[in-house]
Amino acid sequence: MEEKKTIIVTESEVGFRLDQFLAGKFPEYSRSYFNRLIKNNDVLVNNQPSKSGYLLRLGDEISVHLKRTQIDMEPEPIPINIVYEDEDLLVIDKPAGMVVHPGKGNESNTLVNALLYHTNSLADTGEAVRPGIVHRLDKDTSGLLVIAKNDRAQRHLRRQFDTKEIFRIYWALVWGDFDEDTGVIREPIARSRKNPIKFVVDPRGRDAVTRFKVLQRFQYVTLLEIRLETGRTHQIRVHMRHINHPVVGDQLYNGRETQLLNLPQNLRKRGEHLLKLLPHQTLHARKLSFLHPRTGQRVDFEADLPENFKTALQKLPDLFML
């Protein structure tokens with residue numbers, strides 16, 4: 001299915017990159033989706049093929065062939081914890097260890113494969129491997145995700161992410177103690193040039209803001225409540241590593257065995273025991289709040305902590321608070 005759209009550039013839109021402009025005009029599609037359209041000459045500027053980096057001029061006529069994406073993935077009968085469902089959306093409590101959508105090295109056994117088995121109604125995001133996906137959680141992060149079942153819900157939810165009307169609260173165990181009870185980390189994040197699977201604080205990166213509040217102290221480990229104001233890849237993990245409080249169990253960002261050296265020698269065995277309880281990073285998307293795309297009313301959801309997270313909290317006083 002195709003849909004042709006024609007847009008005339010106005011004065012306020014002059015100077016925007018073509019791909020950036022289109023992603024802003026059609027927020028239900030990603031910028032990478034428009035880059036593919038542009039590369040395939042499905043976007044014309046003044047009836048001519050263009051490039052993603054073309055800077056718009058006043059009066060430019062932009063023609064876009066929006067193509068509904070053909071989903072070519074196998075539905076799989078994978079159990080999923082559905083917190084809420086209606087005709088517009090699903091709210092899922094994702095377990096740690098589950099990948100959200102297929103990608104390199106993860107072609108099956110993902111949340112999307114499970115969703116395709118559960119329902120025939122998922123929004124077209126413009127990407128074959130991401131039907132219904134509005135936002136992501138890392139593979140080893142657990143907790144709440146909202147899934148769009150139709151394009152109207154997709155647009156509405158994406159707009160709320162852009163305008164910061166969606167609130168996400170995480171709980172995390174991090175290494176070390178804090179002098180302060182609350183704090184804000186405002187540091188831009190970019191992909192690491194040394195390791196392409198990692199992200200780092202980099203002045204040339206995208207703005208990222210993370211707020212945190214101390215919930216409980218365990219002398220060498222702290223339980224935090226974290227609220228995101230932006231949604232950068234690995235944001236919490238990168239920001240916590242940057243302030244020398246990596247998430248407990250986070251192999252990629254220095255949150256596992258290397259942290260044992262910071263413990264008194266007589267407590268290192270106890271630190272090892274803690275890590276055995278926590279095979280994944282101890283990061284859980286605990287609360288999710290947004291305006292329902294059909295009713296306009298705010299809806300709030302909360303997901304209980306995973307069992308190993310709860311067990312760790314129960315054992316921490318005996319492990320470290322001597």
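Where is asparagine 41 found? Asparagine 41 lies in the loop between helix 2 and strand 2, where helices (H or I, at least four residues) and strands (E, at least two) are DSSP runs numbered from the N terminus. The model is predicted, so local features need pLDDT of at least 70 and side-chain atom pairs count only at pLDDT 80 or more, while totals for chains, interfaces and linings use all residues. Residues are numbered from 1 along each chain as its sequence is written, and side-chain values use heavy atoms, with hydrogens and water left out.

Helix 2 covers residues 31–39, and its buried residues are Tyr33, Phe34, Leu37 and Ile38; buried means under 20% relative accessible area, exposed over 50%, and partly exposed in between (1.4 Å probe, protein chains only). Seen down the helix axis, these residues fall within an arc of 140°, so they line one face of helix 2. The arc is that of the directions from the helix axis to the C-beta atoms. The buried residues of helix 2 pack against helix 1 (18–25), strand 2 (43–45) and strand 4 (61–67), contact being heavy atoms within 4.5 Å.

The contact between helix 1 and helix 2 is made by Leu18, Asp19, Gln20, Leu22 and Ala23 of helix 1 and by Arg31, Phe34, Asn35 and Ile38 of helix 2.

Just after helix 2, asparagine 41 takes a positive phi of about 60°, although it is not a glycine. Asparagine 41 is partly exposed, with a relative accessible area of 43%. Asparagine 244, also not a glycine, has a positive phi of about 65°. Asparagine 244 sits in the loop between helix 5 (235–242) and helix 6 (268–277), and at 57% relative accessibility it counts as exposed.
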